[in-house]
Amino acid sequence: MDLDVHPTDLAAVAAGGVLGALARFGIATAWPHDPGGFPWSTWVINVSGCLLIGVLNTRIQGRIPRLLLGTGFLGGYTTFSTAIAEVSQAGLVYLAATLIGAVLAVAAGSALAR
């Protein structure tokens, strides 16, 4: 299989992804939630990641920094798949809080970065 990916781009995404996943794991481990309780750590991870996405899209222009921080770090850090899986336990209020919080965080991050 021949991939049309520059090794530097791949390294930036991989390095950022590892760091983002480790940050998410650290927060989730330090701040666990009870089964059936509101999953605050996942909510904070996703909303803070969206805040950083707003800042990144407004301030960072270079290809490698965007791949490292956006695609890599924030891709590994945020976890909307976990949030959707947790909706079955935490309910629709959690889903709404996640979606509304994420959209507002992107707007706030973008506004703060200007």
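Student: How many aromatic pairs does a search of the whole structure find?
Tutor: This is a predicted model. Searching the whole structure for aromatic pairs gives a count of four.

Student: Which class of pair do Trp40 and Trp43 make, stacked or edge-to-face?
Tutor: A pair of aromatic rings is described by the distance of the centres and the angle of the planes. For Trp40 and Trp43 the centres are 5.8 Å apart and the planes meet at 80°. Over 60 degrees counts as edge-to-face. The pair of Trp40 and Trp43 is therefore edge-to-face.

Student: What separates Trp40 from Trp43 along helix 2?
Tutor: Both residues sit in helix 2, which spans residues 40-59. They are three residues apart, so the separation is about one helical turn.

Student: Which class of pair do Phe73 and Tyr77 make, stacked or edge-to-face?
Tutor: The ring centres of Phe73 and Tyr77 lie 5.7 Å apart. Their planes are at 15°. Planes under 30 degrees apart count as stacked. So the pair of Phe73 and Tyr77 is stacked.

Student: Is Tyr77 buried or partly exposed?
Tutor: Phe73 and Tyr77 are four residues apart in helix 3, about one helical turn. Phe73, at 22% relative accessibility, counts as partly exposed. The cut-off for buried is under 20%. Tyr77 has 7%, so Tyr77 is buried.

Student: Which residues form one aromatic cluster?
Tutor: Trp40 and Trp43, the edge-to-face pair, belong to it.

Student: Where does Thr78, listed by UniProt for "binding site", lie?
Tutor: The unreviewed UniProt entry lists Gly75 and Thr78 under that feature. Gly75 lies in helix 3, residues 63-77. Thr78 lies in the loop between helix 3 and helix 4 (80-90).

Student: Is Thr78 buried or partly exposed?
Tutor: Gly75 has a relative accessible area of 46% and is partly exposed. Thr78 has 14% relative accessibility. Under 20% means buried, so Thr78 is buried.

Student: Which residues is Thr78 in contact with, leaving aside its neighbours within four places in sequence?
Tutor: Contact means heavy atoms within 4.5 Å. With those neighbours left out, the partners of Thr78 are Arg24, Ile45, Asn46 and Gly49.

Student: What distance separates the backbone oxygen of Leu74 from a polar atom of the Thr78 side chain?
Tutor: A polar contact needs N or O atoms within 3.5 Å. Here the backbone oxygen of Leu74 and a polar side-chain atom of Thr78 are separated by 2.7 Å.

Notes: Residues numbered from 1 in each chain as written. Predicted model: local features only at pLDDT ≥ 70, side-chain atom pairs only at ≥ 80, totals over all residues. Heavy atoms only, no water. UniProt positions renumbered as here; feature names shortened; annotations may be inferred. Helix = DSSP H or I, 4+ residues; strand = E, 2+ residues; numbered from the N terminus. Buried < 20%, exposed > 50% of the residue type's maximum accessible area, 1.4 Å probe, protein only. Polar contact = N/O pair within 3.5 Å; in protein donor to acceptor, adjacent residues only side chain to side chain. Phe/Tyr/Trp six-rings, centres within 6.5 Å; stacked < 30°, edge-to-face > 60°.
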